[in-house]
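Trainee: I am new to this model. Please give me a close look at one part: how do the helices pack?

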Amino acid sequence: MRKPLVVGNWKMNGLRATNRPLLDSVREGVEAGVAAEVAVCPPFVYLADAASALQGSAVSWGAQNLSQHEAGAYTGEVAPSMLRDLGCRFVIVGHSERRTLYGETDSLVAEKVIAAQGAELTPILCVGESLEEREQDVTEQVVKRQLDAVLERIGVSALSKAVIAYEPIWAIGTGRTATPEQAQEVHGLIRSHVAAQSSSVAEELLILYGGSVKGNNATQLLSMPDIDGGLIGGASLNAEEFLTICQAAG
Ligand code: PEP
(Lines give C-alpha, C1' and ligand atoms only; values in the text may rest on other atoms or scores of the structure.)
Protein backbone atom coordinates (compact mmCIF):
# COMPACT_ATOMS: atom_id res chain seq x y z
CA MET A 1 0.00 0.00 0.00
CA ARG A 2 1.47 3.35 -1.03
CA LYS A 3 0.84 6.21 1.41
CA PRO A 4 0.19 9.42 -0.56
CA LEU A 5 2.73 12.22 -0.26
CA VAL A 6 2.27 15.92 -0.93
CA VAL A 7 5.37 18.13 -1.08
CA GLY A 8 5.37 21.92 -1.27
CA ASN A 9 8.14 23.44 -3.38
CA TRP A 10 8.34 27.06 -2.30
CA LYS A 11 10.98 27.79 -4.96
CA MET A 12 12.65 31.19 -4.36
CA ASN A 13 9.75 32.66 -2.39
CA GLY A 14 9.09 33.69 1.19
CA LEU A 15 10.44 35.94 3.92
CA ARG A 16 10.64 35.23 7.63
CA ALA A 17 7.63 37.38 8.44
CA THR A 18 5.33 35.36 6.19
CA ASN A 19 7.03 31.94 6.46
CA ARG A 20 6.19 31.42 10.10
CA PRO A 21 2.42 31.93 9.79
CA LEU A 22 2.42 29.74 6.67
CA LEU A 23 4.30 26.94 8.45
CA ASP A 24 2.09 27.21 11.54
CA SER A 25 -1.08 27.01 9.46
CA VAL A 26 0.18 24.03 7.47
CA ARG A 27 1.22 22.26 10.65
CA GLU A 28 -2.15 22.89 12.33
CA GLY A 29 -4.14 21.95 9.24
CA VAL A 30 -2.23 18.71 8.69
CA GLU A 31 -2.52 17.71 12.34
CA ALA A 32 -6.25 18.48 12.32
CA GLY A 33 -6.83 15.72 9.80
CA VAL A 34 -4.74 14.94 6.74
CA ALA A 35 -4.11 11.29 6.02
CA ALA A 36 -1.37 11.90 3.42
CA GLU A 37 2.25 12.52 4.33
CA VAL A 38 3.10 16.19 3.92
CA ALA A 39 6.43 17.97 3.50
CA VAL A 40 7.55 21.48 2.62
CA CYS A 41 10.72 22.55 0.82
CA PRO A 42 11.59 26.17 1.63
CA PRO A 43 14.73 27.91 0.33
CA PHE A 44 17.99 26.77 2.00
CA VAL A 45 18.27 29.85 4.21
CA TYR A 46 14.91 29.15 5.86
CA LEU A 47 15.42 25.44 6.51
CA ALA A 48 16.51 26.02 10.10
CA ASP A 49 13.39 28.12 10.72
CA ALA A 50 11.24 25.40 9.16
CA ALA A 51 12.95 22.83 11.38
CA SER A 52 12.11 24.78 14.53
CA ALA A 53 8.52 25.45 13.43
CA LEU A 54 7.84 21.85 12.38
CA GLN A 55 9.96 19.82 14.81
CA GLY A 56 7.90 17.02 16.33
CA SER A 57 4.96 17.67 14.01
CA ALA A 58 3.35 15.57 11.29
CA VAL A 59 4.95 17.78 8.61
CA SER A 60 8.45 17.02 7.30
CA TRP A 61 10.76 19.38 5.50
CA GLY A 62 13.30 19.18 2.76
CA ALA A 63 15.49 21.17 0.39
CA GLN A 64 15.08 22.11 -3.26
CA ASN A 65 18.58 21.18 -4.37
CA LEU A 66 21.93 19.95 -3.03
CA SER A 67 25.55 19.65 -4.04
CA GLN A 68 26.79 16.36 -5.43
CA HIS A 69 29.95 16.86 -3.34
CA GLU A 70 30.36 15.95 0.32
CA ALA A 71 32.34 19.00 1.49
CA GLY A 72 35.13 21.33 0.46
CA ALA A 73 35.93 24.22 -1.83
CA TYR A 74 32.58 24.64 -3.58
CA THR A 75 31.63 28.25 -2.90
CA GLY A 76 27.92 28.83 -2.68
CA GLU A 77 26.97 25.15 -2.57
CA VAL A 78 25.16 23.21 0.16
CA ALA A 79 26.31 19.72 1.13
CA PRO A 80 23.99 16.75 1.63
CA SER A 81 25.25 16.30 5.22
CA MET A 82 24.27 19.91 6.00
CA LEU A 83 20.70 19.20 4.94
CA ARG A 84 20.65 16.10 7.08
CA ASP A 85 22.08 18.15 9.94
CA LEU A 86 19.04 20.45 9.67
CA GLY A 87 16.70 17.49 9.89
CA CYS A 88 15.72 17.43 6.22
CA ARG A 89 14.00 14.26 5.14
CA PHE A 90 13.64 15.03 1.45
CA VAL A 91 15.54 16.85 -1.26
CA ILE A 92 14.20 17.74 -4.70
CA VAL A 93 16.67 16.69 -7.39
CA GLY A 94 16.65 17.58 -11.08
CA HIS A 95 13.73 19.99 -11.01
CA SER A 96 13.17 21.25 -14.55
CA GLU A 97 14.15 24.78 -13.46
CA ARG A 98 17.54 23.39 -12.34
CA ARG A 99 17.89 21.44 -15.59
CA THR A 100 16.93 24.30 -17.90
CA LEU A 101 18.13 27.44 -16.05
CA TYR A 102 21.25 25.99 -14.41
CA GLY A 103 22.31 23.39 -16.96
CA GLU A 104 21.88 20.31 -14.79
CA THR A 105 22.42 17.26 -16.98
CA ASP A 106 21.02 13.76 -16.54
CA SER A 107 24.42 12.67 -15.33
CA LEU A 108 24.71 15.46 -12.72
CA VAL A 109 21.19 14.69 -11.55
CA ALA A 110 22.22 11.05 -11.08
CA GLU A 111 25.22 12.15 -9.01
CA LYS A 112 22.97 14.29 -6.85
CA VAL A 113 20.59 11.38 -6.26
CA ILE A 114 23.56 9.29 -5.12
CA ALA A 115 24.78 12.13 -2.87
CA ALA A 116 21.31 12.53 -1.32
CA GLN A 117 20.97 8.85 -0.57
CA GLY A 118 24.49 8.80 0.84
CA ALA A 119 23.33 11.31 3.46
CA GLU A 120 20.11 9.39 4.14
CA LEU A 121 17.95 11.97 2.44
CA THR A 122 15.11 10.79 0.22
CA PRO A 123 15.61 12.29 -3.24
CA ILE A 124 12.51 13.44 -5.10
CA LEU A 125 13.72 12.89 -8.65
CA CYS A 126 11.92 15.15 -11.13
CA VAL A 127 11.39 14.05 -14.70
CA GLY A 128 9.27 15.50 -17.47
CA GLU A 129 9.13 16.63 -21.06
CA SER A 130 9.01 20.10 -22.61
CA LEU A 131 6.08 21.25 -24.74
CA GLU A 132 8.18 20.77 -27.86
CA GLU A 133 9.00 17.21 -26.86
CA ARG A 134 5.33 16.44 -26.17
CA GLU A 135 4.37 17.86 -29.54
CA GLN A 136 7.06 15.72 -31.17
CA ASP A 137 5.55 12.73 -29.41
CA VAL A 138 8.78 11.83 -27.59
CA THR A 139 7.51 12.15 -24.01
CA GLU A 140 8.07 8.46 -23.31
CA GLN A 141 11.64 8.49 -24.60
CA VAL A 142 12.51 11.66 -22.65
CA VAL A 143 11.14 10.40 -19.36
CA LYS A 144 12.76 6.97 -19.78
CA ARG A 145 16.10 8.61 -20.62
CA GLN A 146 15.93 10.77 -17.48
CA LEU A 147 15.00 7.75 -15.35
CA ASP A 148 17.57 5.42 -16.88
CA ALA A 149 20.37 7.93 -16.27
CA VAL A 150 19.69 7.46 -12.56
CA LEU A 151 18.71 3.78 -12.59
CA GLU A 152 21.94 2.81 -14.37
CA ARG A 153 23.94 4.50 -11.61
CA ILE A 154 22.01 3.49 -8.49
CA GLY A 155 20.36 0.21 -9.51
CA VAL A 156 16.66 -0.48 -9.22
CA SER A 157 16.72 -1.54 -5.56
CA ALA A 158 17.97 1.92 -4.49
CA LEU A 159 14.86 3.38 -6.07
CA SER A 160 12.99 2.01 -3.06
CA LYS A 161 14.60 4.90 -1.16
CA ALA A 162 13.56 7.57 -3.65
CA VAL A 163 10.42 9.29 -4.87
CA ILE A 164 9.76 10.20 -8.51
CA ALA A 165 7.93 13.37 -9.53
CA TYR A 166 6.54 13.56 -13.05
CA GLU A 167 6.40 17.24 -13.95
CA PRO A 168 5.63 18.12 -17.56
CA ILE A 169 7.57 21.35 -18.08
CA TRP A 170 4.70 22.91 -20.02
CA ALA A 171 2.48 22.58 -16.93
CA ILE A 172 4.85 24.11 -14.36
CA GLY A 173 3.80 27.55 -13.21
CA THR A 174 1.74 28.03 -16.37
CA GLY A 175 -1.74 27.32 -15.06
CA ARG A 176 -1.95 24.66 -17.78
CA THR A 177 -2.35 21.32 -15.99
CA ALA A 178 -2.01 17.93 -17.62
CA THR A 179 -5.39 16.23 -17.77
CA PRO A 180 -5.71 13.38 -15.27
CA GLU A 181 -5.56 10.95 -18.23
CA GLN A 182 -2.41 12.54 -19.68
CA ALA A 183 -0.71 12.43 -16.29
CA GLN A 184 -1.88 8.86 -15.56
CA GLU A 185 -0.52 7.70 -18.91
CA VAL A 186 3.01 8.86 -18.07
CA HIS A 187 2.81 7.69 -14.45
CA GLY A 188 1.75 4.26 -15.72
CA LEU A 189 4.69 4.25 -18.14
CA ILE A 190 7.12 5.14 -15.37
CA ARG A 191 5.79 2.40 -13.11
CA SER A 192 5.91 -0.25 -15.82
CA HIS A 193 9.41 0.85 -16.84
CA VAL A 194 10.56 0.28 -13.26
CA ALA A 195 8.51 -2.94 -13.01
CA ALA A 196 10.46 -4.35 -15.94
CA GLN A 197 13.43 -4.40 -13.55
CA SER A 198 11.65 -5.03 -10.25
CA SER A 199 7.92 -5.45 -9.78
CA SER A 200 8.17 -5.09 -6.00
CA VAL A 201 10.09 -1.77 -6.23
CA ALA A 202 7.60 -0.50 -8.82
CA GLU A 203 4.64 -1.49 -6.65
CA GLU A 204 5.96 0.52 -3.67
CA LEU A 205 7.35 3.48 -5.64
CA LEU A 206 5.72 6.85 -4.95
CA ILE A 207 5.20 8.77 -8.20
CA LEU A 208 4.04 12.35 -7.60
CA TYR A 209 2.49 14.62 -10.20
CA GLY A 210 3.56 18.27 -10.42
CA GLY A 211 2.43 21.07 -12.69
CA SER A 212 -0.17 23.69 -11.77
CA VAL A 213 -1.93 21.50 -9.20
CA LYS A 214 -4.47 23.67 -7.39
CA GLY A 215 -7.22 23.15 -4.85
CA ASN A 216 -9.79 22.87 -7.63
CA ASN A 217 -8.06 20.23 -9.78
CA ALA A 218 -6.29 18.13 -7.15
CA THR A 219 -9.05 15.59 -6.56
CA GLN A 220 -9.26 14.42 -10.17
CA LEU A 221 -5.49 14.26 -10.62
CA LEU A 222 -4.68 12.62 -7.33
CA SER A 223 -7.37 9.98 -7.62
CA MET A 224 -5.74 8.40 -10.69
CA PRO A 225 -4.36 4.92 -9.91
CA ASP A 226 -0.64 5.63 -10.48
CA ILE A 227 -0.59 9.17 -9.08
CA ASP A 228 0.53 8.90 -5.46
CA GLY A 229 0.54 12.56 -4.51
CA GLY A 230 1.77 15.91 -5.71
CA LEU A 231 4.75 18.21 -5.94
CA ILE A 232 3.15 21.59 -5.52
CA GLY A 233 4.76 24.90 -6.48
CA GLY A 234 2.69 28.09 -6.46
CA ALA A 235 -0.22 26.63 -4.52
CA SER A 236 2.06 25.60 -1.63
CA LEU A 237 2.52 29.28 -0.72
CA ASN A 238 -1.10 29.57 0.37
CA ALA A 239 -1.91 27.47 3.43
CA GLU A 240 -5.59 27.06 2.67
CA GLU A 241 -5.02 25.96 -0.91
CA PHE A 242 -2.10 23.70 0.00
CA LEU A 243 -4.20 22.03 2.70
CA THR A 244 -7.06 21.49 0.25
CA ILE A 245 -4.59 19.64 -1.99
CA CYS A 246 -3.24 17.63 0.97
CA GLN A 247 -6.79 16.59 1.86
CA ALA A 248 -7.49 15.59 -1.74
CA ALA A 249 -4.43 13.32 -1.66
CA GLY A 250 -5.32 11.54 1.55
C1 PEP B 1 6.99 22.87 -9.23
O2 PEP B 1 7.69 23.84 -9.16
O3 PEP B 1 7.47 21.77 -8.93
C4 PEP B 1 5.59 23.01 -9.65
C5 PEP B 1 4.89 21.94 -9.89
O6 PEP B 1 5.12 24.30 -9.76
P7 PEP B 1 3.59 24.76 -9.97
O8 PEP B 1 2.74 23.92 -9.04
O9 PEP B 1 3.57 26.22 -9.61
O10 PEP B 1 3.26 24.50 -11.40
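This is a predicted model: local features need pLDDT of at least 70, side-chain atom pairs count only at pLDDT 80 or more; totals for chains, interfaces and linings use all residues.

**Helix packing, pair by pair**

Mentor: Start with α1 and α11, which cross in a right-handed way. Numbering starts from 1 along each chain, as its sequence is written.

Helix α1 spans residues 16–31 and α11 spans 239–249. Their axes come within 9 Å and cross at roughly 30°. That makes the two helices, α1 and α11, roughly parallel. (Under 35 degrees is roughly parallel, over 145 roughly antiparallel, 65 to 115 roughly perpendicular, and the rest oblique.) From α1, the contact takes L22, S25, V26, G29 and V30; α11 supplies A239, F242, L243 and C246. (Contact means C-beta atoms, placed from the backbone, within 7 Å.) This contact of α1 with α11 has seven nonpolar residues, two polar and no charged ones. (Nonpolar covers Ala, Val, Leu, Ile, Met, Phe, Trp, Tyr, Cys and Pro; charged covers Asp, Glu, Lys and Arg; the others, Gly among them, are polar.)

Helices are DSSP runs of H or I with at least four residues, strands are runs of E with at least two, and both are numbered from the N terminus. Axes are lines fitted to C-alpha atoms, for helices over the stretch in contact; angles run from 0 to 180 degrees between N-to-C directions.

α1 also meets α2, residues 47–54. Here the axes come within 10 Å and cross at roughly 35°. This crossing of α1 and α2 is right-handed. R16, N19, R20, L23, D24 and R27 of α1 face D49, A50, A53 and L54 of α2. The contact of α1 with α2 counts four nonpolar, one polar and five charged residues.

Now take α5 and α7, residues 139–154. The axes of α5 and α7 come within 9 Å, crossing at roughly 45°. α5 and α7 are therefore oblique to each other. Their crossing, α5 with α7, is right-handed. D106, S107, V109, A110, V113 and I114 come from α5; R145, Q146, A149, V150, R153 and I154 come from α7. That contact of α5 with α7 divides into seven nonpolar, two polar and three charged residues.

β5 (122–127) pairs with β6 (163–166) in the parallel sense over four bridges. I124 has V163 of β6 as its bridge partner.

Technical notes:
Two strands pair if DSSP finds at least two bridges between them. A crossing is left-handed if the near helix is turned anticlockwise from the far one by less than a right angle, and right-handed if clockwise. Two residues are in contact if their C-beta atoms, placed from the backbone, lie within 7 Å.
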